[in-house]
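Hi there,

Here is the structure I promised to pass on to you. Have a look at it first, and then read my notes below.

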Amino acid sequence: MNLNICCIPGDGIGPEIIAEAKKVLKKVAEKYGHNMEFTDVLMGGASIDAYGVPLTDETIAVAKESDAVLMGSIGGDTNTSPWYELEPHLRPEAGLLKIRKSLNLFANLRPAVLYPQLAGACPLKEEISAKGFNMLIMRELTGGLYFGERKTVEENGMLTAIDTLTYTEEEIRRIAVKGFEIARKRRGKVTSVDKANVLDSSRLWRKVVNQVAPNYPEVTLEHMLVDNCAMQLVRDPAQFDVILTENMFGDILSDEASMVTGSIGMLASASLNDSRFGLYEPSHGSAPDIAGKDIANPIATILSAAMMLKFTFDLDEEAAAIEKAVEAVLEKGYRTGDIMSEGCIQVGCSQMGSLIEEAI
């Protein structure tokens, strides 16, 4: 298969972690007989330095012509970087919002996996962490409260802030279809999270999800109120497979889920549109304080590359090879500084990438 991948190294540790993901992907291509081509483009602070804007039309065009986008991290130190003296629409993160909109990336997938080798880093009780967990939070990314009309007005001498939460049937249906399709590739369970006991938008959400469900008879559907889901994530995270939810709920729940894994340096993510196209990136930031020191953890980016193989290219075996290689390296006791524990072997960013490459 020919795989045409647009790479956005970005800022901070971005170029380092992208280099390791490329290393692993090239090994996969060699082993499984694929032709993989990478085109590097600039976005974020690096683009500001080169072109004066965080995202150029040329970069968007390259991304659209590719099969998928693999991205490092965007941004810098908000206290010291001159990028944050610019107007908000010219700052690094504005490029990320623009590319999501330009590519119509409405479905955000964030896995939260507790590897047995890292159970000690989990903040939950041992009897909970001992079971491990492997969930995927699917968050609707372009609708809801964050994209609704908002304003602050003065009424009767008092300032009043108004945020509008709006969803259409089609916005809900397309994210629900993605959720059920991905559940078929996993353990076959969808937990749809809403606040249907209070919100009209959630009642419509639940109605449309129920309409989609019969098309996937092999997938089990359950509904859960968002406040209960927040409790269940710390009580029994192993019960979840795919959590399907709207924008704001997904923002909050995915952050909660990421923390119970013990390290954000292990967390991949993907943002998909209504085709097989996706943008894949680690969940963590650019960590400018450790950039260039070869101490960053590349695993989240490498696992994002595995998600790319699975969801854009349907290369499940190749994706599994990367995931198994990561687990094998952890099993042997190798750790970057952020996940280091007593009795393990500390390695740098480049060596961790090489170890995973060798384990493919």
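The structure holds one cavity of 30 Å³ or more, and the volume of the largest cavity is about 50 Å³. (On a 1 Å grid over the protein atoms alone, a cavity is a set of points where a 1.4 Å probe fits but cannot get out, and lining residues have an atom within 4 Å of a point; points are joined across faces, edges and corners, and a volume is the space filled by probe spheres set on them.) Among the residues lining the largest cavity are Val113, Tyr115, Thr261 and Ile339. Its lining has seven nonpolar residues, three polar and no charged. (Ala, Val, Leu, Ile, Met, Phe, Trp, Tyr, Cys and Pro count as nonpolar, Asp, Glu, Lys and Arg as charged, and the others, Gly among them, as polar.)

This is a predicted model: local features need pLDDT of at least 70, side-chain atom pairs count only at pLDDT 80 or more, and totals for chains, interfaces and linings use all residues. Residues are numbered from 1 along each chain as its sequence is written, and side-chain values use heavy atoms, with hydrogens and water left out.

Next, is Lys22 buried or exposed? Lys22 is buried, because its relative accessible area is 15% (buried means under 20%, exposed over 50%, partly exposed in between, with a 1.4 Å probe and protein chains only). Lys22 sits in helix H1, residues 14-32 (helices are DSSP runs of H or I with at least four residues, numbered from the N terminus). Leaving aside residues up to four places away in sequence, Lys22 touches Cys7, Phe38 and Asp40 (contact means heavy atoms within 4.5 Å).

Happy exploring!

Methods
1 Å grid on protein atoms, 1.4 Å probe; cavity = no way out; pocket = protein on both sides within 12 Å on 5 of 7 lines; lining within 4 Å. Helix = DSSP H or I, 4+ residues; strand = E, 2+ residues; numbered from the N terminus.
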